[in-house]
Amino acid sequence: MTGQDNLFLRDVAAMRSHAQAYLEPDAIASARPQATIALLQAALTIEILCVWRYTMMSVSARGLRDQQVGFEFQEQANDERKHTRMVAERITELGGMPDFQPKGLESRFGADYSGDFDRLVAQNLVAEQSVVEYYTDLIHYFGSSDPLTTAMLTTILQDEEDHATDMQDLLAS
Ligand SMILES: [Fe+2]
Ligand SMILES: [Fe+2]
């Protein structure tokens, strides 16, 4: 599945690609405070995207018809909202201003939630795997230089890994 037909993945990939320059090993040390905020802002944007996506899936025709599926996606949306708050709070603590109206998100438009639900779940799986990669990159970046941020990212990463497993389980059910 490519980002071409998976708008959710395309948005996650766009955020990661925007952040990539800050993750390069030869990034200028003096730019680090700016990099810290930019990397966390990309994470915040991804989290906002996930809140929308899973809330929309929980109230889709299938989500309302099949209570178990609707509940599963509401739970996921709740996790993502929790992550949104954690990341935004950390941005503020580090002297930044979390942006809750991020630009460049296209996937809230154009997704047809009345269509093939399994296809949407499969898109979620690939997007969650990309999110897992992004948090893994961030943990590597912050490492021991910022243990508080690293601990927060590690907590979120565990949830994201669970989300990927949940998508696999939904596809197998
Ligand atoms: Fe999340
Ligand atoms: Fe997630």
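This is a predicted model: local features need pLDDT of at least 70, side-chain atom pairs count only at pLDDT 80 or more; totals for chains, interfaces and linings use all residues.
**Entry 1: the iron site.** I started with the iron ion (ligand 2) and looked up its donors. Glu80 (OE), Glu128 (OE), Glu128 (OE), Glu160 (OE) and His163 (ND1) coordinate this ion, at 2.0 to 2.6 Å. Along the chain, I read the spacing of these donors as E-x47-E-x31-E-x2-H. Next I checked the other metal: the iron ion (ligand 1) lies 3.8 Å from the iron ion (ligand 2). Glu80 coordinates both ions.

Entry 2: How far apart are Glu160 and His163 in helix 6? They are 3 residues apart in helix 6 (residues 147-172), so about one helical turn separates them. I noted the general rule too: an α-helix has 3.6 residues a turn, so residues three or four places apart point the same way.

**Entry 3: Asp116.** I found Asp116 in the loop between helix 4 (67-93) and helix 5 (117-142). Its side chain reaches the backbone nitrogen of Asp118 at 3.1 Å.

**Entry 4: helix 2.** My last stop was helix 2 (residues 32-58), which has 27 residues. From its first C-alpha to its last, helix 2 reaches 39 Å, close to the 39 Å expected at 1.5 Å a residue. I saw that 20 of the 27 residues of helix 2 are buried, so the rest of the structure largely encloses this helix.

Conventions
Residues are numbered from 1 along each chain as its sequence is written. Chains are lettered from A and ligands numbered from 1 in the order in which they are written. Side-chain values use heavy atoms; hydrogens and water are left out. Donors are N, O and S atoms within 2.8 Å of the metal (3.2 Å for Na, K and Ca); water is not among the atoms, so sites may look incomplete. Helices (H or I, at least four residues) and strands (E, at least two) are DSSP runs, numbered from the N terminus. A polar contact is a pair of N or O atoms within 3.5 Å; within protein, one must be able to donate a hydrogen and the other to accept it, and residues adjacent in sequence count only if both atoms are side-chain atoms. The expected span of a helix is 1.5 Å times one less than its number of residues. Buried means under 20% relative accessible area, exposed over 50%, partly exposed in between (1.4 Å probe, protein chains only).
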